[in-house]
Amino acid sequence: MPETEKNLRAALQGESEAKKKYELFGKKAQEEGHPFLSRVFFAISHAESIHIKNHLKALSVLTGKESQLDEFVSINEDEIMKKVKTTKENLQDAIKGEIYETKIMYKEFINNSRVENRNVAELSFELAKKAEYIHAKIFKKYLKILEKNKSILEEDLYVCQICGNVEFQKPPKKCPICDHDQFFFKKM
Ligand SMILES: [Fe+2]
Ligand SMILES: [Fe+2]
């Protein structure tokens with residue numbers, strides 16, 4: 001099996017776990033009285049589902065057959081549930097995960113896909129890597145606000161349906177990550 005295929009499978013597993021984890025973190029934030037932060041977690045969970053869609057497409061191109069997520073991913077909800085702590089700790093966990101994906105995992109996967117000349121997978125990894133960087137920045141911002149006991153500003157939230165970039169207030173004319181038009185941003 002080409003390294004790129006193994007990497008796509010690993011990325012699908014990781015993104016699926018992150019997607020589920022952020023849903024649970026979102027519920028916890030709601031319980032703790034942070035409704036907007038809850039929406040942020042749900043928006044970023046949705047962003048991870050875009051990475052899943054892109055990686056799945058790349059895997060179909062690579063293998064030449066239609067790939068279904070449940071062939072490659074198994075989610076242990078009990079294990080993910082154990083990760084849910086206080087919202088502050090959840091934000092720390094989320095930051096760690098996003099930084100790992102940006103700086104280590106996707107970096108390595110991009111290199112492997114380049115070596116194997118798998119352009120579709122490389123692009124999918126590249127978009128995810130850049131979006132995860134933005135996700136980490138967003139989580140850091142809210143962790144700081146909670147640590148300083150400041151109140152959280154409610155803003156409109158948008159997710160790019162092509163790359164999983166998250167923007168506040170209003171969508172940019174063009175997505176700074178994937179260069180797609182404003183039209184591709186979905187209000188969350
Ligand atoms: Fe992310
Ligand atoms: Fe985008």
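**Close-up views of a predicted model**

View 1. The model shown here and in every other view is predicted. H6 covers residues 119-147. After the helix comes Asn 149. Its phi is positive, near 55°.

**View 2. Helix H2 packs against H6.** Two packed helices are described by the angle between their axes and the distance between the axes. H2 takes in residues 35-63. The axes of H2 and H6 come within 9 Å. They cross at roughly 170°. Angles over 145 degrees count as roughly antiparallel, and H2 and H6 are therefore roughly antiparallel to each other. From H2, the contact residues are Leu 37, Val 40, Ile 44, Ala 47, His 51, Asn 54, His 55, Ala 58, Val 61 and Leu 62. H6 meets them with Val 120, Ala 121, Ser 124, Leu 127, Ala 128, Ala 131, His 135, Ile 138 and Tyr 142. By class, this contact of H2 with H6 has 14 nonpolar residues, five polar and no charged.

**View 3. Helix H5 also packs against H6.** H5 spans residues 87-115. The axes of H5 and H6 are 8 Å apart, at an angle of about 160°. The two helices are therefore roughly antiparallel to each other. Their crossing is left-handed. Which classes of residue make up the contact of H5 with H6? There are 16 nonpolar, five polar and 10 charged residues.

**View 4. Helix H1 packs against H5.** H1 runs over residues 3-31. At 1.5 Å a residue, its 29 residues should span 42 Å, and its end C-alpha atoms are 42 Å apart, so expectation and model agree. Gly 33 follows H1, with a positive phi near 85°. The axes of H1 and H5 lie 11 Å apart, and the packing angle is about 165°. That makes H1 roughly antiparallel to H5. H1 passes H5 in a left-handed crossing. On the H1 side, the contact is made by Glu 3, Thr 4, Asn 7, Ala 11, Gly 14, Ala 18, Tyr 22, Phe 25, Lys 28 and Ala 29. On the H5 side it is made by Thr 87, Asn 90, Ala 94, Gly 97, Glu 101, Met 105, Phe 109, Asn 112 and Ser 113. Eight of the residues in the contact of H1 with H5 are nonpolar, eight polar and three charged.

**View 5. Three strands form an open sheet.** Strands of a sheet pair through backbone hydrogen bonds, either parallel or antiparallel. Here the order is E2-E1-E3, and the pairing is antiparallel. Which strands stand at the edges? They are E2 (166-168) and E3 (185-187). Each has a single partner strand, so one side of each is left without a neighbour in the sheet. Neighbouring strands are turned by 30° against each other on average, direction ignored.

**View 6. Strand E1 joins E3, and H2 lies across the sheet's strands E1 and E2.** E1 covers residues 157-160. Three bridges join E1 to E3, and the two run antiparallel. Tyr 158 stands opposite Lys 187 in E3. H2 runs at about 10° to E1.

Key. Residues numbered from 1 in each chain as written. Chains lettered and ligands numbered in written order. Predicted model: local features only at pLDDT ≥ 70, side-chain atom pairs only at ≥ 80, totals over all residues. Helix = DSSP H or I, 4+ residues; strand = E, 2+ residues; numbered from the N terminus. Expected span 1.5 Å × (residues − 1). Axes fitted to C-alpha atoms, helices over the stretch in contact; angles between N-to-C directions. Parallel < 35°, antiparallel > 145°, perpendicular 65-115°, else oblique. Contact = placed C-beta atoms within 7 Å. Nonpolar A, V, L, I, M, F, W, Y, C, P; charged D, E, K, R; others polar. Left-handed = near helix turned anticlockwise from the far one by under 90°. Pairing = 2+ DSSP bridges.
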